[in-house]
Amino acid sequence: MVQTRTRIMNQLQAVALNEGLRCKKRLWRAHGREQLESFRLAPWASRRWRDLLELLDRLNPTIAELSQAIDQEVEKCPEAQRLMTHPGVGPLTALAFVLIIGDADRFHCGKQVASYLGLVPLEDSSGNRRRLGHITKQGSSMLRFLLVEAAQVTARSLPEWRSKYLHLMMRRGRKTAKVAMARRLAVRLYWMMRKEWDYQQWMKFGSHAGQPGNRHGVQ
């Protein structure tokens, strides 16, 4: 529903731009809505524009209701609450990660989690030649989408992540960089979940999590 709403809002923004109105986020405030409704368009364009506004009005209350239900479920889930302490991770991403991953101990390492979520590249190897392709896209497409979105917020929040993202984007392109950061976030959330750590504990101990001979991630 959020993806659908985003597409609708993008189309309405395009209508506004065509009419010379540049409001960005202000378009969704009361004054911006009044300006949208004041447009005088050609008959079919006007019908499409009004249909989009009607769809938006129907989606917003439903999304708000479901978001409230998610918040209530998160309050009952300590694992999701711990994951939410990580910058960029909201209630939906945290709860989806907990429910889809399930028992974290069934995975031996972060690479298995990334593979389970379809965030690792396909490999086509022959002889001494090793070629990596697109990601496998197995597992939950919804969780992959949420991790990509959350990782972008994390990259805007943490200088280290922003630097890594920009470096990857320059070398491999924007799409590959987004997937790589989502994979990095998935592995980190897995270790936080498995060790029962919040973000502060991860920052204190987490750089060594999962290394052989260092069971608790402490130097």
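Mentor: Start with the surface. The chain has an accessible surface of about 14,000 Å², and 51% of that belongs to carbon and sulfur atoms. Such areas come from the Shrake-Rupley method with a 1.4 Å probe; for residues, only the protein chains shown count as cover. This is a predicted model: local features need pLDDT of at least 70, side-chain atom pairs count only at pLDDT 80 or more, and totals for chains, interfaces and linings use all residues. Residues are numbered from 1 along each chain as its sequence is written, and side-chain values use heavy atoms, with hydrogens and water left out.

The secondary structure comes to ten helices and two strands. Helices (H or I, at least four residues) and strands (E, at least two) are DSSP runs, numbered from the N terminus.

Now the close look: helix 9 and its end. Helix 9 has 22 residues. From first C-alpha to last it reaches 32 Å, close to the 32 Å expected at 1.5 Å a residue. That expected span is 1.5 Å times one less than the number of residues.

Glu196 follows helix 9. It sits in the loop between helix 9 (174–195) and helix 10 (199–205). Most residues other than glycine have a negative phi. Glu196 is exposed, with a relative accessible area of 53%. Exposed means over 50% relative accessible area, buried under 20%, partly exposed in between (1.4 Å probe, protein chains only).

Lys24 also has a positive phi, near 55°. Lys24 lies in the loop between helix 1 (2–18) and helix 2 (30–37). Lys24 is exposed, at 66%.
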